[in-house]
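Hi,

Here is the structure I promised to pass on. My notes follow below it.

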Amino acid sequence: MLVLIRYPYVTGTSVVGIKYKDGILLAADTGASYGSTLRYKSVERIKAIGKHSLLGASGEISDFQEILRYLDELIIYDDMWDDGNSLGPKEVHNYLTRVMYNRRNKFNPLWNSLVLGGVKNGEKYLGTVNMIGVHYEDNHVATGFGNHLARPILRDEWKEDMSFEDAVKLLEKCMLVLLYRDRSAINKMQIAKITEEGTTVYPPYSLKTFWGFSAFANPTKGAEGSW
Amino acid sequence: MDLNLDAPHSMGTTIVGVSYNGGVVLGADSRTSTGVYVANRASDKITQLTDNVYVCRSGSAADSQIVSDYVRYFLHQHTIQLGQPATVKVAANLIRLLSYSNKNMLETGLIVGGWDKYEGGKIYSVPLGGTILEQPFAIGGSGSAYLYGFFDQAWKEGMTKDEAEKLVVKAVSLAIARDGASGGVVRTVIINSEGVTRNFYPGDTHPLWHEELEPTTSLLDILSAPEPMNT
């Protein structure tokens, strides 16, 4: 029996996604690591898929690029029917789930955790699928470290029908924690929005970090010699 | 001493690609090692794919050579069918196709650089795994570990051809100084609308880095100019 397990080389870290009033917001940094080296710092890990979806990926970047090629083909062939119908986020998520799970069954996974969000006919959709085929939808999802650091914040602070401003602030709160605590995170990130009107992937930007705790300046005060 | 002469030929290597306004400059060292032995101290790691596109090879010498050969063959056919020179993007994507499809078996990181009439000078990185990334400059090979900080500080947008080449030569020279798997000479290839220029910078043309001494023919030459005695 031929077992063909691979391991990843160039990897992206967390993606976080939330539903808000007008649609979906996705956030991810623009970094791709090579082991422990933060090798590439301008990698777009969130891409628009067709008219109704956004895809964010963590994990092996070459596999993400291949998934984008598969989706390109899917969207083009759907478009060629020229019947006025176009694939919505639920359908794209289902397609990806099948691809990921079937590769997993052949012991040749696409080494990614994906977030798929979109809006079609007023209906918001947010789902996730990973390299072993585990998939689900929710009001807020995250991959990688985001599962441990972002989701607890979202469970506490997310609510239905948030405004764009509140939703962005909430995502930025999550991304800041990830920047402090995930060593593969870099301080250059992108937020992407999808609404009924269309998709917008905002240009990369950096967050201000806070280091002004007095305990940070002098951690061993009052306990000289400790660490 | 563990001198395994049957160890696979690997190019420890330092490879660099920098784009400037009007073209690209590719650079590499010239050391090919089998284990700890230097099998070739004057290798040429910057390989031609077409008249206007070259590739810097790192990692396994065999793997990088065979991938280059296949891509050169495909690009040749593509050029005939297309009726005009291939673009850098097409060359880079062919490299990606082979690297990605055979990711389990190949161990080679490549930097594709060239000039075409549509996009001008372009650099594409294809590291292990087959990711493809277009970048204003790229570094690769074992020696590149010593160059991340250097490029973070020294690279800037809008360099001229001469500034870009000086940067490349300095970078490869610095990496050679610290990476045991890189050495020999610095080779550069400059590609722009006018054509291709190959340059060759042997060790005596580089500046001296930290703790390096001016090379001499012999101690005797130093002794013949006697130093003052210490009493």
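How far apart should the ends of helix H3 (residues 145-157) of chain A be at 1.5 Å a residue? This is a predicted model, so the check is on predicted coordinates. The 13 residues should span 18 Å, and the end C-alpha atoms are 18 Å apart, which agrees.

The bend is about 35° at Arg151(A), shortly before the proline Pro152(A). Buried in this helix are Gly146(A), Ala150(A), Arg151(A), Ile153(A) and Leu154(A). Their cover includes strands E2 (15-19), E10 (135-137) and E11 (140-142) and helix H4 (164-181) of chain A.

Next, the salt bridges. Four cases to look at:

- Lys173(A) and Glu157(A) meet at 2.7 Å, N to O. The pair links helix H4 to helix H3 of chain A, 16 residues apart. Lys173(A) is partly exposed, with a relative accessible area of 41%. Glu157(A) is also partly exposed, at 34%.
- Glu66(A) pairs with Arg96(B), with the closest N and O atoms 3.0 Å apart. This pair crosses between chains, from helix H1 (residues 61-80) of chain A to helix H2 (residues 88-101) of chain B. Glu66(A) is buried at 15% relative accessibility. Arg96(B) is buried at 2%.
- Lys122(B) and Glu134(B) meet at 3.5 Å, N to O. Lys122(B) lies in strand E9 (residues 120-126) and Glu134(B) in strand E10 (residues 133-135) of chain B, so the pair ties together parts twelve residues apart in sequence. Lys122(B) is buried at 17%, while Glu134(B) is partly exposed at 43%.
- Arg6(A), Asp63(A) and Lys103(B) are linked in a network of salt bridges.

Now the surface of chain A. Tyr180(A), Phe210(A), Trp211(A), Phe213(A) and Phe216(A) form a nonpolar patch there, with about 590 Å² of accessible area together. Phe210(A) sits in the loop between strand E13 (198-201) and helix H5 (214-217). Phe210(A) counts as partly exposed, at 47% relative accessibility.

Pro203(A) is in the loop between E13 and H5 of chain A. Pro203(A) counts as exposed, at 60%. Beyond its neighbours within four places in sequence, Pro203(A) contacts Met189(A) and Gln190(A).

Last, is Ser53(A) buried or exposed? Ser53(A) is buried, at 0% relative accessibility. This residue lies in strand E7 (residues 53-60) of chain A. Leaving out residues up to four places away, Ser53(A) touches residues including Lys47(A), Gly88(A), Leu116(A), Ile194(A) and Thr199(A).

Best wishes

Terms used. Residues are numbered from 1 along each chain as its sequence is written. Chains are lettered from A and ligands numbered from 1 in the order in which they are written. This is a predicted model: local features need pLDDT of at least 70, side-chain atom pairs count only at pLDDT 80 or more; totals for chains, interfaces and linings use all residues. Side-chain values use heavy atoms; hydrogens and water are left out. Patches are made of residues with over 30% relative accessible area and no salt bridge: like charges are joined within 9 Å, nonpolar side chains (Val, Leu, Ile, Met, Phe, Trp, Tyr) within 5 Å. Accessible areas come from the Shrake-Rupley method with a 1.4 Å probe; for residues, only the protein chains shown count as cover. A salt bridge is a side-chain nitrogen of Lys or Arg within 4 Å of a carboxyl oxygen of Asp or Glu. Helices (H or I, at least four residues) and strands (E, at least two) are DSSP runs, numbered from the N terminus. Buried means under 20% relative accessible area, exposed over 50%, partly exposed in between (1.4 Å probe, protein chains only). The expected span of a helix is 1.5 Å times one less than its number of residues. The bend at a residue is the angle between axes fitted to the seven residues ending there and the seven starting there. Contact means heavy atoms within 4.5 Å.
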